[in-house]
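Trainee: I would like to learn how to read sheets and helix packing in a model, taking one feature at a time. Could we work through an example together?

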Amino acid sequence: MRIALVVPYSLDVPGGVATHVLGLARWLQGRGHEPWVFAPGVGRVDAAVPVTLLGAAVALPFNGSVARLALRPSQSRALLAGLTGFDVAHVHEPLTPGVGFAAASRCPVPLVVTHHAAFTPRTPVTQLLRRRALRLPNRVSLAVSPSAAALVNTIGAGEPRIVPNAIELPTPPEARTGRPRVVFVGRLTERRKGYEAFVEAAGLVPEADFIAVGPGGSGAPKVTELGRLTDEALGEVLAGAAVLVAPNLFGESFGMVLVEALARGVAVVASDLPAFRAVASDADVVGFFPVGDVSAAVARIRERLAQPCDPFAAWRLARRFSWDVVGPHIEDAYQRATLPVPDGGPADTKPR
């Protein structure tokens with residue numbers, strides 16, 4: 001099957017949606033399909049799968065983050081022309097301005113969409129998203145989590161099936177030795193990631209080394225800031241960690257960073273967000289604290305350092321998010337999108 005995978009966010013800046021889509025493309029290729037990724041970007045992409053870059057993106061602040069989107073009409077026209085001839089198109093974040101919405105609303109082939117975002121829309125945003133949802137054609141609709149599905153329901157975009165994000169599962173981990181390391185992964189200057197709480201905790205837990213991975217370091221005391229790393233280098237950092245701390249404040253639809261840590265056998269201490277609890281809540285491996293409560297976070301970190309988790313137990317929790325588990329559900333969505341139904345529509349969700 002020839003599958004077009006559309007990412008609305010620039011591949012020049014790593015992000016969760018792009019990581020998910022590129023991983024999906026590699027898995028599909030291994031299954032004998034012909035995936036092709038379309039996304040904004042101007043840099044070199046070494047993804048081991050075919051990629052078409054649509055040019056420079058515009059940075060727009062949204063939901064406590066920055067979305068880098070391709071907004072020029074010429075970029076949307078180039079994308080739509082490129083979709084012709086595929087068996088199915090899989091558009092991620094189909095309501096996003098720019099090439100995402102253009103591909104979803106005017107798709108020339110059977111359509112699958114995945115909704116990733118989770119936030120509480122204000123009235124003008126809700127109205128805008130509802131208008132966009134009405135313009136989407138027949139489609140198979142997926143959401144990566146209950147939080148993302150709730151937003152889809154709020155804006156009247158249908159009842160998506162929940163198919164989570166996935167990772168390329170590493171080999172089972174080994175037990176750690178030596179001085180424990182506590183790790184943060186995320187954009188350090190993005191407020192919603194909660195890095196300030198991690199820095200504060202580092203000054204209160206002298207029995208461990210604190211390491212931060214991600215762009216935007218400020219030379220925080222008691223923290224070794226490694227900056228942005230390749231996926232391979234990040235995996236090595238996590239493989240040597242005892243605890244991952246995710247002190248995020250809001251706006252999370254899926255706990256990908258939690259899954260990546262668990263897959264390396266790392267215990268998790270995280271803000272008590274619904275998206276994080278949906279990933280894992282096994283008390284032997286994962287501990288939660290109230291959002292923004294540094295004292296509680298420090299207590300959970302110290303508990304986990306005093307009683308390390310079984311790395312293999314953490315790995316088992318992550319296994320359900322491997323491509324071998326998640327991928328077949330997406331393949332099924334492609335099959336459903338291309339099969340006719342009695343009224344002639346190709347998919348689960350129809351325009352109202």
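Predicted model: local features only at pLDDT ≥ 70, side-chain atom pairs only at ≥ 80, totals over all residues.

Trainee: Let us begin with the sheets: in what order do the six strands of the open sheet lie?

Mentor: The six strands follow the order E12-E11-E10-E13-E14-E15, and their pairing is parallel. At the edges lie strand E12 (223-225) and strand E15 (286-289), each of which pairs on one side only, while the twist from one strand to the next averages 25°.

Trainee: And which strands form the edges of the open sheet of seven strands?

Mentor: That sheet runs E3-E2-E1-E6-E7-E8-E9, again with parallel pairing, and its edge strands are strand E3 (51-53) and strand E9 (161-162). Strand E8 (residues 140-143) is joined to E9 by two bridges, and within this pairing Ala-143 stands opposite Ile-162 in E9.

Trainee: Which strands does helix H6 lie across, and which does helix H7 touch?

Mentor: Helix H6 (residues 195-202) lies across E10, E11, E12 and strand E13 (243-246), and runs at about 160° to E11. Helix H7 (residues 231-239) also packs on the sheet, where H7 touches E10, E11 and E13 and its direction makes about 145° with that of E10.

Trainee: When two helices pack on each other, what describes the arrangement?

Mentor: The description rests on the angle between the axes and the distance between the axes. For helix H8 (residues 256-263) and helix H11 (residues 311-319), the angle is about 135° and the axes are 7 Å apart, and H8 and H11 are therefore oblique to each other. The crossing of H8 past H11 is left-handed. Val-259, Leu-262 and Ala-263 of H8 make the contact with Ala-314, Trp-315, Leu-317 and Ala-318 of H11, a set that divides into seven nonpolar, no polar and no charged residues.

Trainee: At what angle do helix H1 and helix H12 cross?

Mentor: The axes of helix H1 (residues 16-30) and helix H12 (residues 323-338) cross at roughly 85° and come within 11 Å, which makes H1 roughly perpendicular to H12. On the H1 side the contact involves His-20, Gly-23, Leu-24, Trp-27 and Leu-28, and on the H12 side the residues include Trp-323, Asp-324, Glu-331 and Tyr-334. The residues of this contact divide into seven nonpolar, three polar and two charged.

Trainee: To finish with a loop, where is Pro-221, and is Pro-221 buried or exposed?

Mentor: Pro-221 sits in the loop between E11 and E12. Its relative accessibility is 57%, and Pro-221 therefore counts as exposed, the cut-off being over 50%.

Key. Residues numbered from 1 in each chain as written. Heavy atoms only, no water. Pairing = 2+ DSSP bridges. Helix = DSSP H or I, 4+ residues; strand = E, 2+ residues; numbered from the N terminus. Axes fitted to C-alpha atoms, helices over the stretch in contact; angles between N-to-C directions. Contact = heavy atoms within 4.5 Å. Parallel < 35°, antiparallel > 145°, perpendicular 65-115°, else oblique. Left-handed = near helix turned anticlockwise from the far one by under 90°. Nonpolar A, V, L, I, M, F, W, Y, C, P; charged D, E, K, R; others polar. Buried < 20%, exposed > 50% of the residue type's maximum accessible area, 1.4 Å probe, protein only.
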